[in-house]
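I opened these entries to record what I looked up in the structure. The notes follow in the order in which I took them.

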Amino acid sequence: MILSFSAYFIQAIHPLDILLLAISMVFLSAVLFFLMTLFKKMRRLKELNLKKLYQEEIDEILFAFLFENKKNENTFSFPHFTKNLLNPLYKRVAIKSIISLHHNYSGEYSARLEQIYSDWGLANYSMKKLNASKWTFVVEGIRDLSSMNYVKAYQKIQYLRNHKNEMVQTEALLGMIKLKGLQELFKFSNSNLYLNDWIQSNILFLVKKYKIPAPPNLKLLLQSKNESLVLLAIRLITHYKMTPQYDALFTLYQKTESLQLKKEINLELNKLEKTE
Amino acid sequence: MDMSSSLDFFILIFNYLILFFAGFVMLSYIILAIISGVSLKAYLKKNRFVNYNALLSLESAPRVSLIAPAYNEGRTIEENVRSLLAINYNNYDVIVVNDGSKDNSIPVLIKAFELVRSSIKYQPEIATKQVKDIYISSNPAFSKLVVVDKHNGGKADALNTGINISRNPYVVCIDVDCIMDKDVLLKLAKPFLEQSDKKVIATGGVVRIANSCIIKSGKLIEVKAPGNFLARIQVIEYLRAFILGRMAWSKLDGLLIISGAFGMFDREIAIKSGGYDTTTVGEDMELIVRMRRFMIDRKKEYVVQYIPDPLCWTEAPENYKILGKQRSRWMRGTIETLWTHRKMMFNPKYKTLGLLSYPYWLFAEYYAPIIEFTGILITIILVAMGIISWKFFLLFLLLVYIFAVMFSMIALYTEEATFKRYETIRDLKKLSIAAIIEPIVFHPFTVYAALKGNWEKISGNKGWGEMTRTGFDKKT
């Protein structure tokens with residue numbers, strides 16, 4: 001039945017009809033893509049305007065708390081704040097603003113911002129992201145929590161070192177270092193964790209940006225069987241200008257067969273000579 | 001077989017060939033667009049969290065030389081070099097190679113950057129035209145700058161000179177008049193840090209059209225759809241080529257070209273492969289094909305990376321005369337490269353390159369304009385003779401036209417879904433109108449220019465043709 005209908009259909013249809021059908025379909029696709037582009041652009045522009053509005057309100061509230069010593073409960077005197085805080089976009093803008101201010105301030109202000117992050121429920125919002133099925137949310141969550149020194153998230157972040165996604169694994173490592181310092185690296189002394197140059201540059205960036213102090217026993221990392229970790233230790237020793245550890249670098253230079261390590265020690269010591 | 005049945009047979013074969021070719025091109029475009037879309041989505045997802053500034057913390061980040069060949073660029077060279085010196089990266093130098101300019105390029109550079117003759121000896125590893133002088137700056141603020149003054153030998157020769165002068169393991173070859181994103185080197189260098197099992201021999205990026213964009217002090221401030229109609233159409237063309245084409249070829253490991261305006265190479269491999277070929281006008285495509293062949297022939301594991309971010313902005317021709325010269329030159333370059341590396345055609349040794357990329361370039365880039373022109377010509381004759389119906393012919397043309405518009409719309413959608421560089425509804429309107437008109441006005445001209453390129457190749461024309469630029473400074 002179906003076969004005979006198909007045969008009839010094929011015989012009945014003219015090549016010009018096929019062409020017309022193809023033209024109509026392609027035309028509709030072109031219109032569809034145009035409309036999708038237009039819709040996307042309009043939505044983006046609307047979101048940008050909304051973000052600007054939210055940003056202004058959040059900045060006003062944050063500055064009131066930080067510099068006018070207003071109490072947390074007073075947030076609710078701001079129009080729409082409670083309602084807005086349920087909105088994910090509003091939360092994202094708020095987290096971004098708080099993190100940005102947190103980078104710029106230290107001491108009392110920094111602690112107050114950490115408190116606000118927690119009081120406004122943003123820390124919980126970030127914690128929920130750690131359980132998300134999409135890895136992008138997990139990375140976002142780790143980054144927010146570690147940036148805000150939310151130490152309560154440490155266990156969870158440490159657990160995410162075993163996540164199947166490499167980006168999450170790297171972000172978890174960076175988060176652990178941010179929350180507990182470079183001492184965390186010792187956990188990998190005997191592991192085969194490979195820290196490529198890109199990951200190392202991210203660790204060094206973290207150390208410089210947040211002025212993470214050097215662990216007292218850093219030179220012990222030079223004895224690790226993990227070559228990439230040894231490389232990172234060399235870079236850290238020279239970054240901290242740990243003069244007493246230079247002997248250990250010389251010893252390693254003589255002992256190691258790795259050309260990469262020799263090259264790095266050479267480079268770093270030459271650089272130090274120049275600066276001294 | 002009598003005359004009439006022979007003609008019928010010819011017409012039948014012709015019709016099927018044209019239909020097959022049109023179907024093949026359209027289908028390949030769609031497949032490439034799908035691969036590009038998926039790859040772009042994955043790339044952006046991953047790179048959303050990348051902090052490129054982290055690379056600045058690594059003292060041993062790859063050391064790079066930016067090589068900028070210049071010929072008669074005196075009017076804009078100072079601003080262009082300042083822009084190159086302001087790039088966000090630790091370990092780099094800028095080598096400007098003045099390729100025997102007839103204008104005041106060298107005096108302008110000497111004055112602007114306090115240049116003095118250097119004692120650096122020129123020791124070429126790739127043969128080039130004679131170097132007259134090498135300059136460095138007496139001002140420590142410009143310590144990254146080296147200026148080489150040499151006899152004219154063409155762009156490829158100037159780039160080879162720069163590769164010879166460089167002492168860094170990586171070279172980035174650019175057009176001096178391009179506007180670079182300030183993070184360009186950070187983005188290009190990242191793949192070199194991440195790869196450990198395969199050697200990254202080259203990284204290429206996306207080139208975009210800068211006409212009508214707001215540029216201040218050599219930096220791109222605001223992206224706008226060009227006011228000039230011809231340049232606006234080229235925006236669509238570049239979006240299609242870079243977003244929907246090269247991204248897919250990169251994913252398939254079949255990228256045959258890294259734009260001459262902007263590409264990063266492993267210096268050692270570039271030298272061992274013989275450097276840029278000075279006898280072709282398609283030196284950018286030729287070098288990357290030769291480097292890939294070099295690695296495959298020696299059974300070495302390698303990778304060519306592609307960065308889809310818009311990192312390099314160039315000025316597009318705004319009149320048909322210059323555009324025609326550019327396009328016929330591109331066609332000659334394609335012919336020369338395909339001919340030089342004809343051994344790769346359907347050669348399984350070269351895997352995707354030999355089995356897919358090379359044949360695709362041959363049919364869809366080289367033969368396409370010839371087939372298109374011949375096909376339309378014969379069809380018109382057949383229609384005039386009453387053998388093929390006008391109705392069918394016109395409807396078929398309409399299908400091809402609407403397909404071209406649809407493909408441009410896909411490119412515009414992909415741009416909006418990814419990099420979002422055109423901000424306003426007005427820009428979208430301008431670009432959409434350009435997409436509708438492009439197949440009628442611009443495409444026939446590119447076919448003409450490609451045919452001219454074929455003719456020039458046959459008749460032995462080897463010139464580059466002048467590319468007169470308005471210069472960005474006028475537009476700030």
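I count two residues as in contact if their C-beta atoms, placed from the backbone, lie within 7 Å. The model is predicted: local features need pLDDT of at least 70, side-chain atom pairs count only at pLDDT 80 or more, and totals for chains, interfaces and linings use all residues. Residues are numbered from 1 along each chain as its sequence is written, and chains are lettered from A and ligands numbered from 1 in the order in which they are written.

Entry on B:R332. I located B:R332 in helix α9 of chain B, residues 320-340. Leaving aside neighbours within four places in sequence, I found B:R332 in contact with B:V281, B:G282, B:G453, B:E456 and B:K457. From B:R332 to B:K452 I noted 9.2 Å, C-alpha to C-alpha, across 120 residues of sequence. Why does B:R332 count as buried? B:R332 is buried because 24 other C-beta atoms lie within 10 Å; the cut-off is 20 or more, with 12 or fewer for exposed and partly exposed in between.

Entry on chain A. I found 13 helices and 0 strands; helices (H or I, at least four residues) and strands (E, at least two) are DSSP runs, numbered from the N terminus. Of the 276 residues of chain A, 29% are buried.

Entry on the contact between the chains. Chain B gives 36 residues and chain A gives 32 residues. On the side of chain B that touches chain A, α11(B) gives the most, with 16 residues.
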